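Keep the viewer open as you read.

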Amino acid sequence: MNNLADMIWVELRKALRSHMPLYTALGSLFMPLGIAFLIFVSKNPEISQKLGLVSAKADLIAYSGADWMAYLGLFGQLLAAGGFILFILVISWTFGREFADGTVKDMLAVPVQRSSILLAKFIVVAVWSAGLSLGIFIAGMAMGALIQLPGGSLEVISQGSGRLVVTACLVIPLVMPFAFFASVGRGYLLPVGVAVLTLMMTNLVAIAGWGEYFPWAVAGLYAQGKSPLPPVSYWIVIVTGLVGMTATYLWWKYADQNR
């Protein structure tokens with residue numbers, strides 16, 4: 001347990017000294033700012049008429065209703081997709097930097113079990129991603145209040161907030177397998193490339209009607225809230241995260257770390 005605590009502290013120090021948490025936090029603000037801007041445009045037709053494609057997007061929001069319920073629903077869908085990309089950057093950096101900086105051999109030479117090293121990395125990724133989700137949520141609530149959205153009853157905000165929390169909890173396990181790709185690819189490029197392909201597959205599978213059985217589509221479907229998901233969907237997400245962590249551990253344990 002002491003080794004694990006020490007490794008968590010080491011990983012936190014690496015992240016803080018790199019300023020990556022600050023950069024990802026600043027990047028995460030684009031989501032609530034973007035949604036709030038579209039809501040604001042939809043509420044002000046005179047502005048909407050002067051904005052080309054942005055106007056079309058804003059009209060879609062206006063059609064569904066520029067209120068707290070529509071705002072939180074759209075927010076959840078964007079968190080499912082945008083949060084996934086953001087968390088991919090987090091896990092790609094956490095694992096890929098060891099290979100990019102050439103420090104992986106030094107790390108494996110210390111008298112600490114590889115399971116402790118990897119578990120510390122996964123814990124830091126989960127905490128980091130949860131912190132970003134919290135920041136996005138706080139910024140989103142502040143922007144919603146700033147543009148004075150109607151329909152902000154306690155029930156609506158509570159339900160919408162709860163859905164956002166669950167959406168974030170569904171997205172975080174889904175990025176864990178990408179630690180394996182960062183390790184196999186020995187850097188950042190492979191996990192980011194696989195993430196892009198995964199998003200493309202998610203759209204195709206969702207269109208085909210099989211999204212509830214494809215792990216990376218579950219968070220988006222839940223955020224939409226159109227129909228309840230079967231319990232197996234949530235288990236698929238959990239198993240996907242565990243399989244990704246296990247595959248990463250086996251690779252770090254048995255792969256030849258020759259560079």
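Helices (H or I, at least four residues) and strands (E, at least two) are taken here as DSSP runs, numbered from the N terminus. By that count the protein has 13 helices and zero strands. You are looking at a predicted model, in which local features need pLDDT of at least 70 and side-chain atom pairs count only at pLDDT 80 or more, while totals for chains, interfaces and linings use all residues. Residues are numbered from 1 along each chain as its sequence is written, and side-chain values use heavy atoms, with hydrogens and water left out.

For burial, the cut-offs are under 20% relative accessible area for buried and over 50% for exposed, with partly exposed in between (1.4 Å probe, protein chains only). Of the protein's 259 residues, 44% count as buried. A contact means heavy atoms within 4.5 Å. Among contacts with a separation of 6 or more, 79% join residues 24 or more positions apart.

Now pick out helix H9, residues 154-174. Its 21 residues reach 31 Å from first C-alpha to last, close to the 30 Å expected at 1.5 Å a residue; the expected span is 1.5 Å times one less than the number of residues. Buried residues of H9 include Val-156, Gly-160, Leu-164, Thr-167 and Val-171. An α-helix has 3.6 residues a turn, so residues three or four places apart point the same way. Which helices do the buried residues of H9 pack against? They pack against H6 (68-100), H8 (114-146), H10 (178-184), H12 (215-224) and H13 (231-254).

Next come the pockets. Rolling a probe the size of a water molecule over the atoms shows where empty space is left. On a 1 Å grid over the protein atoms alone, a pocket is an open set of points where a 1.4 Å probe fits, with protein on both sides within 12 Å along at least five of seven lines, and lining residues have an atom within 4 Å of a point. Grid points are joined across faces, edges and corners, and a volume is the space filled by probe spheres set on the points.

The largest pocket holds about 400 Å³ of space. It is lined by 17 residues, and those closest to its centre are Ala-81, Thr-202, Asn-203, Trp-216 and Gly-220. H6, H9, H11 (189-208) and H12 each supply at least two lining residues, with H12 giving the most, six. The lining divides into 12 nonpolar, five polar and no charged residues. In this scheme Ala, Val, Leu, Ile, Met, Phe, Trp, Tyr, Cys and Pro are nonpolar, Asp, Glu, Lys and Arg are charged, and the others, Gly among them, are polar.

About 180 Å³ lies in the second largest pocket. Here H9 gives the most to the lining, with four residues, and the lining includes Val-156, Gly-160 and Arg-163. Its residues divide into four nonpolar, five polar and one charged.

Finally, look at two residues. Beyond its neighbours within four places in sequence, Gly-96 is in contact with Ile-91, Ala-182, Gly-187 and Tyr-188. Thr-24 lies in helix H2 (residues 20-28) and is buried too, with a relative accessible area of 5%. Leaving aside neighbours within four places, Thr-24 is in contact with Leu-86, Val-90, Trp-128 and Leu-132.
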